[in-house]
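Good morning, and thank you for coming. Please turn to the sequence and structure on the screen, and I will take you through them.

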Amino acid sequence: MTGGLTIDRIDVSYGPRSALRGVSLEVAEREIVALIGSNGAGKTTTLRAIMGLTPPDRGTIRFEGTDITRLAPPAVVKLGITLSPEGRRVFPQMSVEENLQLGAYLKTDTVEIAHTMKRVYAYFPRLLERRGQMAGSLSGGEQQMLAIGRALMAKPRLLLLDEPSLGLAPIRVQEIGQIIREINAEEGISIVLVEQNANMALRLCQRAYVIESGAIALSGTGAELAASEHVRRAYLGG
Amino acid sequence: MDILALLPQAGLNGLVIGAMYALMAIGFSLVFGTMRIVNFAHGEFYMIGSFVAFFTYAQWEVPFALTILIAIAVVGVAGAAIEWVVVRPLRTDELSSMIATLGVSVVLQNGALMFFGASPRPMPDVVSGLVHLGPAIFSASRIFVIVAATVVIGAFWLFMQKSRTGRAMRAVAQDQEAALLQGVDVERIFPFAFAIGVVLAAVAGVLMAPVFSVSPFVGATPMLKAFIVVILGGLGSIPGAVLGGLLIGMIESFGATFLGGVTADMLQLGVVIAILLVRPAGLMGRKEA
Ligand SMILES: Nc1ncnc2c1ncn2[C@@H]1O[C@H](COP(=O)(O)OP(=O)(O)O)[C@@H](O)[C@H]1O
Ligand SMILES: [Mg+2]
């Protein structure tokens with residue numbers, strides 16, 4: 001596979017503590033891939049490894065044919081991968097618009113930046129209404145929109161979303177899910193969707209992986225996994 | 001002389017000292033905010049600024065505007081180099097990096113002592129003459145200090161608010177990892193932030209050189225006061241540093257005029273403690289996450 005992302009048997013640890021063991025995962029161009037698992041399973045660590053925040057001890061990560069295993073985050077962003085991190089991590093003492101501008105930090109073409117910002121505001125009209133407001137004063141749902149919008153500003157070809165539904169009311173979860181689908185379809189961006197909310201993730205994705213204690217336990221199409229006995233018992237509450 | 005005639009002079013002196021404290025505090029705060037490093041050598045860059053002013057302006061008689069530019073260049077390059085060589089290798093450990101800046105302070109102070117000697121050198125004013133404002137008469141050189149400091153603080157404010165690099169520095173101060181994820185090369189921001197921080201101290205030193213005299217030890221008091229101002233104004237807040245600097249400067253000036261220096265110092269600390277009791281995060285500070 002030349003396009004997309006290929007993770008090949010990576011091990012990741014935090015100091016002496018092992019977090020991922022032999023994780024392999026593929027994302028094809030324009031695909032939505034879900035990564036589900038319970039708290040502490042290693043979802044965030046997988047995304048951190050891709051971004052270069054927590055590089056693997058072993059194994060390789062390739063994106064569009066380039067080895068990105070040891071690249072620092074700015075270089076990964078430059079190649080076309082961005083992350084909307086767990087807990088949103090918006091810059092609280094900056095306005096919504098400044099947060100978006102930071103998302104385009106590596107872009108120099110101001111016309112292009114303005115155009116991208118317009119598209120982000122079209123996906124999230126709430127952000128347009130609040131563009132001058134400090135990000136720290138936004139509601140949780142609005143901060144989530146801002147984190148996703150900021151990640152779109154670099155015009156990525158692969159977007160990593162870490163628990164975008166966390167802490168949101170059910171109706172907001174629906175909304176965000178719908179927007180994720182639109183972004184994937186209209187921008188042609190591949191998406192890795194990390195979720196504890198397996199319900200939403202399995203409905204949105206084409207393929208999914210289940211991660212348990214730092215290793216991939218299952219994989220398949222969203223429909224296959226949703227039908228699997230194990231997944232239903234462990235992640236869908238049925 | 002009656003009290004009414006002293007008031008405007010005390011106010012003007014308060015503004016001069018306050019502007020200097022604000023400059024010092026902003027630079028100190030920038031370094032702490034972005035790098036989480038307490039720069040104990042901050043006052044030494046003020047001292048270097050004073051010496052640059054003394055040699056270039058008083059000795060070699062270059063124009064004062066050029067003196068400021070030379071100080072900015074010299075201290076900016078020195079600051080970036082010190083960050084690179086001394087602070088960077090120790091940055092992962094807060095205590096080591098603080099001890100490192102303490103070491104830099106000792107080296108710079110003793111270096112100045114060795115080369116320039118301990119005796120204070122007086123420096124002539126940059127502008128002379130008097131300015132009449134209504135019934136009050138002010139020395140033009142004091143007004144010049146206030147105007148110059150205001151221009152520098154304003155330029156710095158604009159840089160932080162409007163420029164791409166300024167925005168990146170604020171992002172690093174608020175969430176270093178999130179900044180990295182936007183593509184900000186944090187390792188490149190650090191020497192830059194350190195350099196700008198100490199350049200602000202150097203500018204304070206240049207502007208104040210004619211007001212106080214120049215010696216290897218002139219940095220100590222501004223450093224101490226900057227520390228107090230930063231805590232008073234709120235860590236990392238530029239408006240807080242300006243407000244805190246002016247408040248401390250005014251108390252110092254009015255206190256010294258009407259109560260004497262020792263009482264003024266006590267009054268100053270009393271006010272700081274009272275304000276921190278009411279607002280623990282400082283005048284404009286936000287709670288640390
Ligand atoms: N900064 C860290 N330091 C040490 N251990 C960590 C750190 N972050 C995560 N871990 C550990 O790594 C494992 C995987 O965590 P994580 O990837 O955050 O899981 P998830 O995102 O699936 O909830 C957990 O056992 C967690 O305790
Ligand atoms: Mg997580």
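Between them, chain A and chain B bury about 2,000 Å², of which 57% is on carbon and sulfur atoms. Please keep in mind throughout that this is a predicted model. In terms of residues, 20 from chain A are in contact with 19 from chain B.

Four salt bridges are counted between chain A and chain B. One of them pairs A:Arg89 with B:Asp175, and there the closest N and O atoms are 2.6 Å apart.

Which helices of chain A each supply at least two residues of the side that touches chain B? They are helix 1 (43-51), helix 2 (73-79) and helix 3 (96-103). Helix 3 of chain A gives the largest share of that side, with four residues. By residue type, the side of chain A that touches chain B consists of 13 nonpolar, three polar and four charged residues.

I will close with two individual residues. The first topic is A:Asn184, which is located in helix 7 (residues 170-187) of chain A. Is A:Asn184 buried or exposed? A:Asn184 counts as buried because its relative accessible area is 10%, and the limit for that term is under 20%. A polar atom of its side chain lies 3.1 Å from the backbone oxygen of A:Arg30. Beyond its neighbours within four places in sequence, A:Asn184 is in contact with A:Arg30, A:Glu31, A:Ile32, A:Ile189, A:Ser190 and A:Ile191.

The other residue is B:Leu108, in helix 4 (residues 94-116) of chain B. With a relative accessible area of 22%, B:Leu108 is partly exposed. Its contacts, leaving out neighbours within four places in sequence, are B:Glu44, B:Phe45, B:Met47 and B:Ile48. B:Ala136 is 28 residues from B:Leu108 in sequence, and their C-alpha atoms are 42 Å apart in space.

How values were computed: Residues are numbered from 1 along each chain as its sequence is written. Chains are lettered from A and ligands numbered from 1 in the order in which they are written. This is a predicted model: local features need pLDDT of at least 70, side-chain atom pairs count only at pLDDT 80 or more; totals for chains, interfaces and linings use all residues. Side-chain values use heavy atoms; hydrogens and water are left out. Contact means heavy atoms within 4.5 Å. Buried area is the accessible area (1.4 Å probe) that two parts lose on being put together, summed over both. A salt bridge is a side-chain nitrogen of Lys or Arg within 4 Å of a carboxyl oxygen of Asp or Glu. Ala, Val, Leu, Ile, Met, Phe, Trp, Tyr, Cys and Pro count as nonpolar, Asp, Glu, Lys and Arg as charged, and the others, Gly among them, as polar. Buried means under 20% relative accessible area, exposed over 50%, partly exposed in between (1.4 Å probe, protein chains only). A polar contact is a pair of N or O atoms within 3.5 Å; within protein, one must be able to donate a hydrogen and the other to accept it, and residues adjacent in sequence count only if both atoms are side-chain atoms.
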